[in-house]
Amino acid sequence: MRYANWALYLAAAAAGALALSSGAMAAGGATLNKPADVKALTDIEQQLAKLNSMKDLIQYYAPDAVVFDMYAPGIYRGTKQIYDGFEQQFAQGQSFTGEIPDMNILSDGKFACAAMQLHFNFVLKNGTKGAITLRQLDAFKKIGGKWLIVQQHISFPMDPATGMGLLDSPMPVRGPLQWNPQSFESPPVSVGQAKKEVRAWLDVGVLSRNLDELMTYYGPTDDVIVYDMLYPPGEFRGMKEIRTGFAPVMNFTDPRVKILDFVVDSDGVFAVQIDTQDITVTKKDGTKSNFYLRQSDCMRRMDGKWYSVFETISTPVDAKTGKSITKASAIASN
């Protein structure tokens, strides 16, 4: 099971820089980070960080977009739910000032993803001032010549000692990745086949039983970012950090995983997926641990295999208590 670290941490506890633009043309006809696409996507993200009204923001979402918000219950499907969910948050504020300290973009001209750290200063209508720092993974699709968000995952990391969501815990600013120019060189498969392959990738991946097996789902080169649910560090960048970050916690048996939500889209060489999981594992002492998480992946197909390039793992935060919600039953009742 890919995220058995929850079994240990829960027991103990009770997203700018521009992406590098190569413009390389792949054999399958996809273009890696065409400069015009990177600029358009960067401009959209800068607008999203500055706008304070859903009337202005909603135009950037596809009609059937899926959003994982940082606060519970945390799932919005379609523009009406997205509008209503975020408007409730905007209604409490007097002003918001946002910036993007760190951002990476990957695009093949049809799909794109932006992984970023965002920081906001705010003033509420009652005069309260504060700041929040978010990790955000946005998946875009070009529809009618316009880039629109089809999946979005916004999250706070969690303090493993207390189980509290950390609302303002910046990660280091590490700048742009050096992209593998062969990222989209594999010949594309049909959209239907791609979706089946990604679902199979997820079903098998969540049951990884050791570190070597787990690592085959990332990469295959070093241009990979994982936003982990726990802080510090909150981010693993590159294959070595991912391996080191997950190594201490891959000690369990008999993983059982229920995929509760799953949405995938693809053009046959780039894919984006978003899901929720109800997980039970058996620890080495024989006790069982059950937990809930949300996962998003932006993926490339290389040499006939899918690999995660950007990944976010999180749980939503209860707005009243500040606690991270770690049980599927609590999500349903929230």
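Colleague: Which strands each supply at least two residues of the lining of the largest cavity?
Modeller: Strand 7, strand 8, strand 12 (270–283) and strand 13 (288–302) do. This is a predicted model.

Colleague: What makes a residue such as Leu137 part of that lining?
Modeller: A lining residue has an atom within 4 Å of a point of the cavity. Leu137 is listed, along with Ala139, Gln151, Gln152, His153, Gln273, Ile274, Ser296, Asp297 and Cys298. By class, this lining has four nonpolar, five polar and one charged residues.

Colleague: How much space lies in the largest cavity?
Modeller: About 40 Å³. The largest pocket holds about 1,000 Å³.

Colleague: Why is one called a cavity and the other a pocket?
Modeller: A 1.4 Å probe fits in a cavity but cannot get out, whereas a pocket is an open set of points, so the two carry separate names.

Colleague: What lines the largest pocket?
Modeller: There are 38 lining residues. Asp69, Met70, Tyr71, Gln89 and Ile132 lie nearest the centre of the pocket. Elements giving two or more residues include helix 2 (35–50), helix 3 (54–57) and strand 6 (111–124). Helix 4 gives the largest share, five residues. The lining divides into 25 nonpolar, ten polar and three charged residues.

Colleague: What makes the largest nonpolar core a core?
Modeller: Its members are buried residues joined through side-chain atoms within 4.5 Å. Buried means under 20% relative accessible area. This core has 35 residues. Met54, Tyr61, Ile82, Phe86, Leu134 and Phe140 have the most contacts inside it. Strand 6 gives the largest share, six residues.

Colleague: Which residues does Phe86 touch?
Modeller: Leaving out residues up to four places away in sequence, Phe86 touches Met54, Tyr61, Val67, Asp69, Tyr76, Gln152 and Ile154.

Colleague: Which residues does the second, separate core include?
Modeller: Among its 23 residues are Leu32, Ala115, Ala139 and Val269. Ala139 also lines the largest cavity.

Colleague: How much of the chain counts as buried?
Modeller: Of its 334 residues, 57%. The secondary structure comes to eight helices and 14 strands.

Terms used:
Residues are numbered from 1 along each chain as its sequence is written. This is a predicted model: local features need pLDDT of at least 70, side-chain atom pairs count only at pLDDT 80 or more; totals for chains, interfaces and linings use all residues. Side-chain values use heavy atoms; hydrogens and water are left out. On a 1 Å grid over the protein atoms alone, a cavity is a set of points where a 1.4 Å probe fits but cannot get out, and a pocket is an open set with protein on both sides within 12 Å along at least five of seven lines; lining residues have an atom within 4 Å of a point. Grid points are joined across faces, edges and corners, and a volume is the space filled by probe spheres set on the points. Helices (H or I, at least four residues) and strands (E, at least two) are DSSP runs, numbered from the N terminus. Ala, Val, Leu, Ile, Met, Phe, Trp, Tyr, Cys and Pro count as nonpolar, Asp, Glu, Lys and Arg as charged, and the others, Gly among them, as polar. Buried means under 20% relative accessible area, exposed over 50%, partly exposed in between (1.4 Å probe, protein chains only). Contact means heavy atoms within 4.5 Å.
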